[in-house]
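Terms are given with their cut-offs at the place where they come up.

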Amino acid sequence: MKIVVDENIPFIKGVLEPYFTVVYKKGTEISAVDVCNADALIIRTRTRCDAGLLEGSKVKFIGTATIGYDHIDTEYCKKNNIVYETAAGCNARAVMQYVASALANLSKFQNWNPEEKTLGIIGVGNVGTWVKWFAEKSGFNVICCDPPKKLIDPELPYTELHSLLEISDIVTVHTPLICESEHRTLDMVNDDFFRAMKDDSIFINTSRGEVVDEAALVNALEVKLSAGVVDVWNNEPVIDKNLVQKVAYATPHIAGYSLQGKANGTAIIVNKLSNFFNLPLKQWYPDVKKISPDESINWKYIKNTINNYFDIIEESSRFISDTDKFEDIRNNYDYREEYF
């Protein structure tokens, strides 16, 4: 059997060689020629899996070592009996700690405490749930919005979007990118969204770039918001440099880049691949220390320690100094340790 693997997926080299002929390629360079006689693909967001890549191939399994799947044409896969799997939840704690670093540093710069702020979380999936946990431990007043979950369970104590925006001092977005359906999130964050937000509020996006109308965000940063934090962008890796200059912290889609998050992502996909092909790797995990959540965590501890593990000011300065190195920074990132 043959498998094509994105060469920038960590911990995977040497794992599959006993069972497959393995071809490693840059995600952006994986082509129809590469996959035409492949049985499986292991990719990241940089590989668009659609008819242009897959038509005429014998691929039956696609594993993406990412939490999202908007780079996979799921309808094409379903029609052609191709199984696609994600690593949903793998880096949720890493993204939570990114948000924690942003807020800890902004609190110092703007001189506020969590007890004075209402934090609105849009999207209460894997990441949003961890952000809620951290925020409540830290003393924020937390409100949440998740219409698809509310539809399934009307008893959930979630707030309608417009009300959340009116109430929140900080809004952080953790939704998937949904282009069609009643729960569309494409360009969800637009002029109307920012008009509804409080004056001098903070906006954070670590979900998907296309959730945000970036022109609207630029305008809001000029006239409405006190700060913006952006990790995900439209048209990555060719991004809006004007927006980069206006936010408080800008990073190149690395919010989830922890050692544990990457280990989780690779392990989840290797395990799912093993289930599909009945390989003896169903419990495989790289040699990486797992970190248990610290239930005694508090704001004072986070504020005093988080920059030792992830200094968002330093990360942002490095990126802003040369935004053309977007992909280089991502592909050569020194994965940070999760610590709470």
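P237 lies in the loop that runs between β10 and α10; helices (H or I, at least four residues) and strands (E, at least two) are DSSP runs, numbered from the N terminus. The peptide bond that joins E236 to P237 is cis, with omega at about 5 degrees. The model is predicted, so that local features need pLDDT of at least 70 and side-chain atom pairs count only at pLDDT 80 or more, while totals for chains, interfaces and linings use all residues. Residues are numbered from 1 along each chain as its sequence is written, and side-chain values use heavy atoms, with hydrogens and water left out.

**The parallel sheet**

- Six strands make an open sheet with parallel pairing, in the order β7-β6-β8-β9-β10-β11; two strands pair if DSSP finds at least two bridges between them.
- The edges are β7 (141-145) and β11, each of which pairs on one side only.
- Strand β6 (residues 118-122) runs parallel to β7 and is joined to it by five bridges, with L119 having V142 as its bridge partner in β7.
- From β6 the chain crosses through helix α5 (residues 126-138) to β7 in a right-handed β-α-β crossover; right-handed means that, with the strands pointing away from the viewer, the path from the first strand over the helix to the second runs clockwise.
- Four of the five residues of β7 are buried, where buried means under 20% relative accessible area, exposed over 50%, and partly exposed in between (1.4 Å probe, protein chains only).
- Strand β8 (residues 170-173) and β9 run parallel and share four bridges; I170 is opposite I202 in β9.

**Around β10**

- Strand β10 (residues 227-230) is covered on both faces, with A227 and V229 buried on one side and G228 and V230 buried on the other.
- Strand β9 (residues 202-205) pairs with β10 in the parallel sense over four bridges, and I204 has V229 as its bridge partner in β10.
- A right-handed β-α-β unit is made by β10, helix α10 (residues 241-246) and β11.

**Nonpolar cores**

- The largest nonpolar core has 74 residues, of which F134, F140, F194 and F203 touch the most other members; such a core is a set of buried Ala, Val, Leu, Ile, Met, Phe, Trp, Tyr and Cys residues joined through side-chain atoms within 4.5 Å.
- Helix α4 (residues 92-110) contributes the most to this core, 10 residues.
- Neighbours within four places in sequence left aside, the contacts of F203 include V171, F194, M197, L217 and V229, contact meaning heavy atoms within 4.5 Å.
- A second, separate core has 22 residues, among them I9, V22, I42 and W284.

**Helix α13**

- I312, E315, S316 and F319 are buried in helix α13 (residues 312-320).
- These buried residues line one face of the helix, because they fall within an arc of 95 degrees when seen down the axis of α13; the arc is that of the directions from the helix axis to the C-beta atoms.
- The buried residues of α13 pack against α4, β10, α10, β11, α12 (299-309) and α14 (326-331).

**Cysteines**

- Zero disulfides are found in a search of the whole structure, a disulfide being a pair of cysteine sulfur atoms within 2.5 Å.
- The closest cysteine sulfur to that of C49 is in C77, 6.8 Å away and too far for a bond; C49 is buried at 0% relative accessibility.
- For C145 the closest cysteine sulfur is in C144, at 8.8 Å and again too far for a bond, and C145 is buried at 3% relative accessibility.

**Loop residues**

- F11, in the loop between β1 (2-6) and β2 (21-25), is not a glycine but has a positive phi of about 70 degrees; F11 is partly exposed at 30% relative accessibility.
- N111, in the loop between α4 and β6, is another residue other than glycine with a positive phi, near 60 degrees, and N111 is exposed at 68% relative accessible area.
- N80 sits in the loop between α3 (74-79) and β5 (83-85) and is partly exposed, at 31% relative accessible area.
- From N80 to E314 the separation is 234 residues in sequence and 46 Å in space, C-alpha to C-alpha.
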